[in-house]
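Dear colleague,

Please find the structure below, handed over for your study.

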Amino acid sequence: MKRLEDIIQALDVKMVSNEEYYNLNDLREYLNNLNVEMLEAENYILTPYYIFMGKRMELYEYELNIVSDKKHSFEKYLLDLTGKQSISDIPNSIIERKKIVT
């Protein structure tokens, strides 16, 4: 079984503010070229961003979130997503849109 971690390591990385970003099209192409039925993936959050002129552009309303990391809290996810220091700094409308139904 192929591991997502191995695939990620094979992709080109773009560093923005000491964070690693990968091109989603590169990942899609790599996965399409694999001949495997199962892919092992743990502890990843897939959140698309636009990188423009060395800056991360956030997509609060139209992003795709695939969350499989049970080690992080919803609050940490929101803080990482928005770059804010406190939950109180995040508008309620954003929090409501991002609530995960379990």
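**Findings: the nonpolar cores**

The largest nonpolar core consists of six residues: Tyr 77, Leu 78, Leu 81, Ile 90, Ile 94 and Ile 95. Two elements, α3 (74-82) and α4 (92-98), each give two or more residues to this core, and α3 gives the most, with three residues. Please bear in mind that the model is a predicted one. In soluble globular proteins, nonpolar side chains tend to be buried together. There is also a second, separate core of five residues, and Leu 4, Ile 8, Leu 11 and Leu 27 are among them.

Ile 90 deserves a separate note. When its neighbours within four places in sequence are left aside, Ile 90 is in contact with Leu 78, Leu 79, Thr 82, Lys 84 and Ile 95.

**Helix α3**

Which residues of α3 are buried? They are Tyr 77, Leu 78, Leu 81 and Thr 82. Seen down the axis of α3, these buried residues fall within an arc of 110°, so they line one face of the helix. The buried residues of α3 pack against β7 (55-57) and α4. After α3 comes Gly 83, which has a positive phi, near 75°.

**Salt bridges**

How many salt bridges are found in the whole structure? The search finds three.

One of them joins Lys 76 to Asp 80, with the closest N and O atoms 2.6 Å apart. Both residues lie in helix α3, four residues apart, about one turn of the helix. Lys 76 is partly exposed, with a relative accessible area of 34%, and Asp 80 is partly exposed as well, at 41%.

Glu 5 forms a salt bridge with Arg 3, where the closest N and O atoms are 3.3 Å apart. Asp 6 also meets Arg 3 in a salt bridge, at 3.5 Å from N to O. The relative accessible area is 32% for Arg 3, 38% for Glu 5 and 37% for Asp 6.

Phe 52 lies in strand β6 (residues 50-52).

Yours sincerely,
A colleague

Conventions. Residues are numbered from 1 along each chain as its sequence is written. This is a predicted model: local features need pLDDT of at least 70, side-chain atom pairs count only at pLDDT 80 or more; totals for chains, interfaces and linings use all residues. Side-chain values use heavy atoms; hydrogens and water are left out. A nonpolar core is a set of buried Ala, Val, Leu, Ile, Met, Phe, Trp, Tyr and Cys residues joined through side-chain atoms within 4.5 Å. Buried means under 20% relative accessible area, exposed over 50%, partly exposed in between (1.4 Å probe, protein chains only). Contact means heavy atoms within 4.5 Å. The arc is that of the directions from the helix axis to the C-beta atoms. A salt bridge is a side-chain nitrogen of Lys or Arg within 4 Å of a carboxyl oxygen of Asp or Glu.
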